[in-house]
Amino acid sequence: MPGPSSPRHVFFFDIDNCLYSPDLGITRLTKDRIHAFGQSIGISPATVADTCSTYLRDYGLTVRGLMQHHAVDPREFNNHVDASLPLESLIKPDPALRKMLLAVTARRWAFTNAGEQHARRVLRCLAVDDLFEGITCCDYSEPDFPCKPERRAYERAMQEAAIEHPH
């Protein structure tokens, strides 16, 4: 990974639907997998979409609502959802994105509400994984991991990027 161009300036890049186009359909595939997982743990097919939407709204991520109300292990959820996405067949290297990222003179940092494995897969598929100094993601091994839009998630990103005095 490249060294920092400045200890003070960091540009955070959201990964999903930002570094790649939402038109790829990954959000739809993810929702389908989330709903299938919800049904597999006993949520009614008639209510699974609304239940998952409510958890997303109330907890920032559907998986956090599933953890709270259904004792779901987030690593199991990840295996059935993000880890099962066919990213390698959907996301292709993007030379224009790479060129744009190379033009950014600040430190480049990836930031996602997904887990680390998903983040690394996406960056690798785009062929830009070597351009980021670090990644802030959800750590599913933590019982109460922070996620966007919570302030704790942004504080974690700034801490991991070694930002001492944000402006």
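1. Lys and Arg are counted as positive and Asp and Glu as negative, with His and the chain ends left out; each charge is placed at NZ of Lys, CZ of Arg, CG of Asp or CD of Glu. On this basis the protein has 19 positive and 22 negative charges, whose mean positions lie 4 Å apart.

2. The model is predicted: local features need pLDDT of at least 70 and side-chain atom pairs pLDDT 80 or more, while totals for chains, interfaces and linings use all residues. Residues are numbered from 1 along each chain as its sequence is written, and side-chain values use heavy atoms, without hydrogens and water.

3. Eight helices and three strands make up the elements of the protein (DSSP runs, numbered from the N terminus: helices are H or I of at least four residues, strands E of at least two). Their order from the N terminus is β-α-α-α-α-α-α-β-α-β-α.

4. Of the 167 residues, 43% are buried, that is, under 20% relative accessible area with a 1.4 Å probe, protein chains only. Contacts are heavy atoms within 4.5 Å; among those between residues at least 6 apart in sequence, 75% join residues at least 24 apart.

5. Lys148 belongs to the loop between β3 (134-138) and α8 (151-160). Is Lys148 buried or exposed? Its relative accessibility is 11%, so Lys148 counts as buried.

6. The side chains of Lys148 and Asp14 are joined by a polar contact of 3.1 Å (a pair of N or O atoms within 3.5 Å; within protein, one must be able to donate a hydrogen and the other to accept it, and residues adjacent in sequence count only if both atoms are side-chain atoms). Leaving aside residues up to four places away in sequence, Lys148 touches Asp14, Gly60, Phe111, Thr112, Asn113, Ala153 and Tyr154.

Key. Buried < 20%, exposed > 50% of the residue type's maximum accessible area, 1.4 Å probe, protein only.
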